[in-house]
Amino acid sequence: MTGPLLAVEQATVRFGAVAAVDHVDLAVPEGEVMAVLGPSGSGKSTLLRAVAGLQPLDEGRVVLAGRSLDGVPPHRRGLGLMFQDHALFPHRDVAANIAFGLRMAGWSADRIRARVAELLDLVDLAGYEHRRISTLSGGEQQRVALARSLAPSPRLLLLDEPLGALDRPLRERLVGDLRRIAIDLGLTVVAVTHDHDEAFALADRVALMDRGAVLQVGPPAAVWQQPTSRRVAEVLGLPNLLTATVRGGRAAGPWGSVPVAGPDGAVTLHLPRQALGVDDAGPIEGVAGAATFRGDSTELRVELAGGAALDLLVAPPAPSPGTVLRLAVDPAAIVRLDR
Ligand code: ADP
Ligand code: MG
């Protein structure tokens, strides 16, 4: 196979007048973990359901391994699905839940037993075969759901906010586990999430989605450092966005002005935290706000005239709240966004 394992081509889903998915193109090579990151309502679940065959497309198509999935029912697509409401059977045991699809596919009891044991090992639940679902913690249930979705060795695993219901420390651990399992098995994964930390920790590449459209696709570090528009920066949750007007090589706002290359006009600037420092000779004026102790550094919020704010890292002790101060920025690190 030469092309990507999964190709979504001009996929469009309309609900009434609204395009929940609007001419989306996406290509996922074999072995890649792709995260689709976007705010709630941006069309992530609808896109995933269309790939799974659970949602008909109004336009476009889904191609798996070079073959159009038009007219192929969900259970014939060779996909593993894990959605937020993982819908395990609560009164049956772990083994019965994982084996469900295998039994439907006519596997023998011996083969099923061996496969279930192998999967439980993979998700760190060895020996849990006869536990009832209702006696498991949320994180353990999530692992069982993952094992179930992997049981038939799918070519492509689709995850929809798989960890959404869990608390943060558990999510972080499971994201790490998911990534390890994906790499170990050479899995191709499309995971949708509204959480940028989760997307970055999980994915080789991130697709930013907003209002049904994919705005930018790239490795996490590339989209984080070089967003193509203000909306991308907002969807990413990038801090330190300032509205400014460029004239003659300087971008100005009520907070001061900084040197910026490029033509005159209205822009958004992104000032990375690590490019900022407190400096009496700096061009940006602000007032110290809350400081958050982060172990080896302190994060300081600085409120600017005009309602914007900047976050930066300072060596303790942080200036006390209300202190008027100035900030310097490394001009080379300023990101200019024209849209
Ligand atoms: P996300 O998963 O990113 O939160 P969804 O794909 O669930 O977004 O929804 C995208 C948009 O489509 C939302 O405005 C939602 O209300 C709408 N939508 C989703 N499913 C349906 C449906 N079955 N009928 C009508 N509108 C829907
Ligand atoms: Mg959703």
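In this predicted model, four strands make an open sheet in the order E2-E1-E4-E5, with antiparallel pairing. Strands (E, at least two residues) and helices (H or I, at least four) are DSSP runs numbered from the N terminus; two strands pair if DSSP finds at least two bridges between them. Strand E2 (18–28) and strand E5 (67–68) each have a single partner strand, so one side of each lacks a neighbour in the sheet. E4 (residues 59–64) and E5 pair over two bridges. Ser68 in E5 is the bridge partner of Val63.

Now the helices. H4 and H5 pack at about 20°, with axes 11 Å apart. Axes are lines fitted to C-alpha atoms, for helices over the stretch in contact, and angles run from 0 to 180 degrees between N-to-C directions. H4 and H5 are therefore roughly parallel (an angle under 35 degrees). Contact (heavy atoms within 4.5 Å) involves residues including Leu146 and Leu150 of H4 and Leu174 and Ile181 of H5.

Next, the cores. A nonpolar core is a set of buried (under 20% relative accessible area, 1.4 Å probe, protein chains only) Ala, Val, Leu, Ile, Met, Phe, Trp, Tyr and Cys residues joined through side-chain atoms within 4.5 Å. The largest has 37 residues; Ile98, Val144, Leu146, Leu150 and Val189 touch the most other members. Apart from it lies another core of 28 residues, among them Val13, Met34, Val62 and Ala207.

Residues are numbered from 1 along each chain as its sequence is written, and chains are lettered from A and ligands numbered from 1 in the order in which they are written. Local features need pLDDT of at least 70, side-chain atom pairs count only at pLDDT 80 or more, totals for chains, interfaces and linings use all residues, and side-chain values use heavy atoms, leaving out hydrogens and water.

Note on methods:
Buried < 20%, exposed > 50% of the residue type's maximum accessible area, 1.4 Å probe, protein only. Parallel < 35°, antiparallel > 145°, perpendicular 65-115°, else oblique.
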